[in-house]
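Hi,

Here is the structure I said I would pass on. Have a look at it first, and my notes follow below.

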Amino acid sequence: MKTRKITADRIYDGIGNCLEDKVIVLREDGEIADIVGKSQVGEAPLERYEGILTPGFINAHCHLELSHMKRLVDTGTGLMAFVKDVVTRRNAEEETIQQAIKTADREMAGNGIVAVGDISNVSDSFQTKAESNIHYHTFVEMFDFLQKKEAQKHFDSYNKVLKELRGTYELAGNAVPHAPYSVSEKLFKLLRDENRHSDHPVSMHNMETPSELDLFSTGGGEIVDLYEGFGMDCSDCIPGGFSSPIKYALQNMAPEKTTVLVHNTLCGPADIKFAEQWAGAGLYWVTCPSANLYIENRLPRYRYFKEAGAKMAIGTDSLTSNWTLSVLDEMKVIAKFQSQLGFEELIQWATFNGACALKLEDKIGSLEKGKRPGINLLWDENGEKPEQLAESVKVRPLI
Ligand SMILES: [Zn+2]
């Protein structure tokens with residue numbers, strides 16, 4: 001059987017190990033046949049690279065369908081202005097939307113991303129996902145702006161999107177809540193029932209902006225202003241008795257599901273502890289640092305998550321709230337502003353943990369025999385160590 005033998009200065013396997021003097025033996029279909037010592041393989045044909053090898057990256061949170069809004073929304077306006085822009089300005093010509101989605105899919109593949117946890121409110125991205133060599137797990141995201149009387153109506157209309165995903169396009173995915181501030185208890189229950197018989201992960205945006213905290217502590221603030229601006233009646237829609245958004249949401253979700261919380265910019269130690277104690281299965285905290293800087297000009301306190309032993313993964317969010325769709329670029333942002341975190345740790349966030357969050361860790365996410373994880377080459381154009389994650393570090397998928 002024909003195989004490729006690939007080596008580089010160092011190999012990071014995604015599960016905490018840095019291997020030296022090792023060679024990855026790869027089958028034609030991309031499956032890792034073995035990882036052996038350099039002395040065990042003959043000279044030729046050995047592909048030898050300057051730089052480091054990693055598993056293919058996992059983008060644990062994206063909105064491919066919002067790609068056409070690149071550069072349309074101002075930076076630094078705060079989440080509520082951002083949500084308003086997305087809700088009111090997302091319509092565009094079908095051709096423009098489709099072209100942007102295709103370009104974004106190719107951008108991610110070129111940046112070494114092999115799997116994506118992708119949010120869909122509509123079916124615009126499904127054709128591209130069906131044709132892509134990237135594995136997409138689609139979260140059909142539902143919200144009712146806390147209008148419980150409207151919950152069933154919204155659920156039914158998003159359910160059509162879910163049926164199209166699974167039926168027409170035969171893509172993997174399931175229904176999920178949008179965020180604590182936009183999902184009523186009634187809609188949470190419909191979602192719980194919908195997911196009861198599947199073992200898919202459940203993803204949700206969480207604690208991204210101070211107004212989300214205001215809503216639960218005071219029952220008012222920017223979110224109520226936004227909803228009333230949309231013409232909604234918020235007089236009895238605010239869930240009472242919850243000291244924080246995460247408590248409200250998790251008490252309406254199922255702890256036995258793999259749960260993926262996205263952003264978490266404002267989570268403090270008590271929130272993290274509460275969620276970790278609540279979780280009965282895998283709990284993953286996805287950070288999208290560039291989007292947090294784009295929208296809110298702030299980052300999560302990664303130290304809190306580290307101290308709690310929380311499992312972190314990385315997402316790009318959409319091109320509406322980011323300049324690129326690159327997991328490597330997200331790693332660079334984290335390394336720049338939070339250099340307390342080590343390279344091996346960030347690689348694990350970018351690969352294995354993301355695969356676990358999407359329940360794909362049996363196939364991808366780490367360089368191990370029997371997996372088909374994709375292989376990325378990272379090198380620094382200025383000849384520095386790629387582990388420093390300087391701006392000049394580049395990525396190229398080798399398969
Ligand atoms: Zn998002």
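Predicted model: local features only at pLDDT ≥ 70, side-chain atom pairs only at ≥ 80, totals over all residues.

**What I found**

On to the domains themselves. The assignment gives domain 1 as 3–54 + 371–397 and domain 2 as 57–357, and their C-alpha centres lie 32 Å apart. Where they touch, domain 1 puts in 15 residues and domain 2 puts in 14 residues. On the domain 1 side, strand S15 (residues 393–397) has the largest share, with three residues. By type, that side of domain 1 divides into eight nonpolar, five polar and two charged residues.

There is also an open sheet to look at. Four strands make it up, in the order S6-S7-S8-S9, and the pairing is parallel. Strand S6 (57–62) and strand S9 (173–177) are the edge strands, each pairing on one side only. From one strand to the next, the twist averages 20 degrees. S8 (residues 135–142) pairs with S9 over five bridges, in the parallel sense, and Phe-139 stands opposite Asn-174 in S9. Helix H5 (residues 185–195) packs on the sheet and touches S8 and S9, with its direction at about 155 degrees to that of S9.

Which residues other than glycine have a positive phi? One is Asn-264, at about 55 degrees, in the loop between strand S11 (259–263) and helix H9 (269–278). Another is Leu-389, with phi near 55 degrees, in the loop between strand S14 (375–380) and S15. Are they buried or exposed? Asn-264 has 26 other C-beta atoms within 10 Å, so it counts as buried. Leu-389 has 22 within 10 Å, and therefore it is buried too; the cut-off for buried is 20 or more.

Cheers

Technical notes: Residues numbered from 1 in each chain as written. Domains from an automatic or database assignment. Contact = placed C-beta atoms within 7 Å. Helix = DSSP H or I, 4+ residues; strand = E, 2+ residues; numbered from the N terminus. Nonpolar A, V, L, I, M, F, W, Y, C, P; charged D, E, K, R; others polar. Buried ≥ 20, exposed ≤ 12 C-beta atoms within 10 Å, placed from the backbone. Pairing = 2+ DSSP bridges. Axes fitted to C-alpha atoms, helices over the stretch in contact; angles between N-to-C directions.
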